Each structure stands twice: as C-alpha cells, then as structure tokens.
Amino acid sequence: MSDDLKKMALSTNLEALRCANQDFSFSLYREVAKTERGNIFYSPFSIHLIMFMASSGAASKTFDEIVATLHLNKTTYSLEAYKQLLEDITSENDNLKLATGMFVDKAFNVKESFVENSMKYLKSSMEKLNFKNDPEQQRQYLNDWVLKETNNKIKDVFLEDSINRDTTLVLVNAVHFKSSWAHPFRHVYDEFFYVTPSNKVPVKMMNLECDFQYYYDSILKFSALELPYNNCDFKMTILLPDAKDGLSNLEDNFFSKFKLLDISKKMALNYLTVKLPRFKIEQSLQLNEILSILGCPTMFTQEANFSNIVDDRDLHVSSVLHKAYIDVDEYGTEAAAVTSIQYQQQQRLGSFKCVIVDHPFMFFISTKCNTIMFAGRITKID
C-alpha cells in the first residue's frame with residue numbers, strides 16, 4: 001500500500017473511531033441511567049480505551065463481542081488509529097493527562113506481542129507485581145498509582161479484597177482534566193435549583209454575559225449551549241430541557257431523534273446571559289453487567305478467549321471498575337476518572353437570550369474534534 005493510501009485509510013479509521021466514541025458514550029449513558037438514580041458522571045473515553053486494550057488481547061467470539069460493543073468492526077478496528085487519536089488528544093495540551101498501566105503478576109506469562117502493542121499504540125506502561133504472595137500491598141500500590149495519576153482526586157478504586165491471590169493481570173486507565181473557562185463567570189449569586197417543579201434547593205449560581213455557541217430546538221423543546229475552556233481545545237456542552245421535569249423526555253429523544261454531533265453543527269454564535277450552578281460529583285460504577293448488556297458477556301465467563309494475552313485459555317475478566325470525579329465552579333473545571341479491568345484464571349472464577357440552568361440537565365466535556373472525554377447529568381445539587 002502506498003503512503004497516500006495508508007494516510008487515507010488512517011484518516012478514515014480515525015473518523016470511524018471518533019464516531020464510535022460518541023456512539024459508545026451514549027449507549028453507556030442509556031444503560032447507566034437505567035440503574036443509577038440521580039446524578040451521573042463517568043468518562044466514556046477512559047472506559048472505551050481500556051476495553052480497546054482488552055480487545056487487543058482477545059480472540060474469536062470474545063474479540064468480536066468487545067469490538068462490536070465499542071461500536072467498531074473488523075474494517076474500522078485499528079491500533080494505528082487509536083495511537084493517532086491519543087496523540088491528537090494529548091499532544092501539546094497541558095489540560096489533559098492520560099495514563100494507562102498494565103500490572104502483571106510475577107508468575108504470569110503475558111505474551112510479548114500484547115505488551116508491545118499496548119506500549120506502542122496505547123501508551124501503556126507495564127509493571128510486574130506480586131499479587132499471589134502479597135495482594136493487599138499490591139492493592140495499596142495500585143490505589144496510590146491512581147491517586148498520583150489523577151492529581152489526588154480518585155481515591156480507593158480498589159476496595160478491600162478486590163485484589164486477591166487469584167489476580168493475574170490488572171489493566172488501568174486514569175484520566176485527569178483541569179482547565180479554566182475561556183470566559184470565566186464574573187458573579188456568583190444565591191439562587192435556586194429545581195430538583196422537581198415543586199422542590200427547589202438553594203445553590204450558588206454562576207452568572208456571565210458573553211458570546212456562546214447556542215442552539216434551540218423548538219420541536220423537542222430544549223436548549224444546547226457550548227462553554228469553551230481556555231485555548232478552546234475542550235468544551236462543555238449543556239443540554240437543557242425547557243420543562244423543569246423534562247430531562248427524562250430529553251434523554252429518550254437524545255437516543256432516538258438526534259445526536260450530539262448533529263446539534264454541534266447546528267449551533268450559532270449568540271450573545272447570552274448564562275446562569276449555571278456550581279456542582280461537584282463523585283461516582284463509582286461496577287460495569288460487568290452493563291457491558292454484558294451492551295454486547296460482551298463472554299469475557300466474564302469460562303468461555304472467554306484471551307489467547308493473545310496468554311497461551312492457555314485459563315483467563316477471564318473478573319471485574320470492570322470505574323470511578324469519576326468532577327468539580328465545576330466559576331473559574332473552570334477539574335475532572336478525573338479511572339477504569340480498571342481485572343483478570344483471573346478461569347478455574348478461580350445571535351440575539352440576546354438567557355439560558356438559566358436551574359433544573360436537571362445533561363452535560364458533556366469533549367475535544368474540539370468532538371471526542372467525548374466525560375459525560376453526565378445533574379438532577380440534584382448537594
């Protein structure tokens with residue numbers, strides 16, 4: 001294949017990967033929203049990346065299921081494209097930090113090809129740990145690694161007994177984002193947030209008048225607003241239903257009648273008064289059941305095939321954990337998340353407008369190329 005054809009193929013696969021990121025983000029949102037009441041916050045990118053890493057070690061039905069769950073296929077699946085995506089997101093950008101680690105028991109023989117691919121294409125590190133003889137010390141080591149890579153925001157991902165003598169391999173991705181707003185909010189007032197139309201709680205409401213990208217859907221009755229971060233490499237997109245109890249209907253329409261990328265293309269610059277509450281969320285998710293529902297149940301069973309990680313097939317995923325944190329104030333945003341996959345051997349099992357965000361809404365933090373790094377919803381403010 002000529003260099004020009006290689007570049008075209010890479011560009012095509014990179015665009016497919018960005019679309020897969022969006023589709024996976026929304027599939028995940030839909031399933032999490034079914035099981036989690038109230039606020040939601042997670043990093044679809046972190047989960048997608050660690051699942052892609054797992055897929056590179058999978059084969060047969062296990063591989064096919066994971067790839068389909070990631071909204072890719074055998075044509076668009078590309079280690080080169082993922083490498084390029086990571087470089088595009090992190091190059092010359094101090095606001096976002098990504099760290100991926102592979103932690104292997106000293107007695108476990110991981111295939112060199114899996115290690116090399118993870119390091120070359122997914123920017124992973126690799127360390128040998130002694131899970132078999134001292135699982136508790138290794139658990140503490142992993143928690144310290146996560147804490148360091150998330151600027152001390154994500155604590156105790158690995159709870160007591162989550163790492164044991166049967167643990168053979170742990171894959172971890174940590175993402176940390178911190179940025180000021182391109183247009184910091186100038187005033188903060190005591191106002192109210194409507195948890196329901198008849199139940200309001202006092203909040204610190206941030207206020208700003210400025211030009212923002214904005215779109216209003218008169219049919220589905222919601223507003224879409226983009227708040228850019230400093231240097232405009234990242235943005236927060238807010239989707240706000242007109243009705244104070246309209247979030248559930250907006251979520252249903254979001255999955256069936258429009259996509260975030262379509263909304264972004266319809267936005268235009270408007271001079272707006274924006275009112276947004278300060279908010280902070282910390283959330284832990286156990287993803288085994290959700291990922292099984294989304295299409296990859298086999299990796300959690302004795303039928304799992306990770307023969308590209310180890311020669312024998314005595315390996316399955318015991319747990320997929322995710323924990324995320326976000327803090328939004330008038331100066332900017334700090335967000336962090338970590339995703340972990342743990343393996344065990346099988347036998348062990350334009351005009352002036354006002355946008356007042358004073359009731360439940362959805363939000364996304366994405367790159368300027370619309371790769372979604374974080375996603376969530378706010379239904380209450382503590």
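Biologist: Into which classes do the residues of the lining of the largest cavity divide?

Modeller: In this predicted model, the lining divides into three nonpolar, four polar and two charged residues.

Biologist: What volume of space lies in the largest pocket, and why is it called a pocket?

Modeller: About 200 Å³ of space lies in the largest pocket. Of its 13 lining residues, Asp88, Ile89, Asp233, Thr367 and Lys368 are the closest to the centre. It is called a pocket because its set of points is open, with protein on both sides within 12 Å along at least five of seven lines.

Biologist: Which helix gives the largest share of that lining?

Modeller: Helix H4 (residues 79-90) does, with three residues of the lining of the largest pocket. By class, that lining has four nonpolar, four polar and five charged residues.

Biologist: What makes up the lining of the second largest pocket?

Modeller: Its lining residues are Glu15, Arg18, Cys19, Gln22, Asp23, Lys259, Leu261, Cys369 and Asn370. Helix H1 (residues 3-35) gives the most, with five residues. About 150 Å³ of space lies in this second largest pocket. Its lining divides into three nonpolar, two polar and four charged residues; Cys19 and Cys369 are lining residues, and they fall in the nonpolar class because Cys counts as nonpolar.

Biologist: At roughly what angle do the axes of helix H2 and helix H5 cross?

Modeller: The axes of H2 (residues 44-55) and H5 (residues 112-122) come within 10 Å and cross at roughly 145°. Leu49, Phe52 and Met53 of H2 make the contact with Phe114, Ser118 and Leu122 of H5. By class, this contact has five nonpolar, one polar and no charged residues.

Biologist: How many helices and strands are in the protein, and how do you know that it is as compact as a globular protein of that length?

Modeller: The protein has nine helices and 15 strands. Its radius of gyration is 21 Å, close to the 21 Å that the globule rule gives for 382 residues, so the protein is as compact as a globular protein of that length.

Key:
Residues numbered from 1 in each chain as written. Predicted model: local features only at pLDDT ≥ 70, side-chain atom pairs only at ≥ 80, totals over all residues. Heavy atoms only, no water. Axes fitted to C-alpha atoms, helices over the stretch in contact; angles between N-to-C directions. Helix = DSSP H or I, 4+ residues; strand = E, 2+ residues; numbered from the N terminus. Contact = heavy atoms within 4.5 Å. 1 Å grid on protein atoms, 1.4 Å probe; cavity = no way out; pocket = protein on both sides within 12 Å on 5 of 7 lines; lining within 4 Å. Points joined across faces, edges and corners; volume = space filled by probe spheres on them. Rg over C-alpha atoms; globule rule 2.2 N^0.38 Å.
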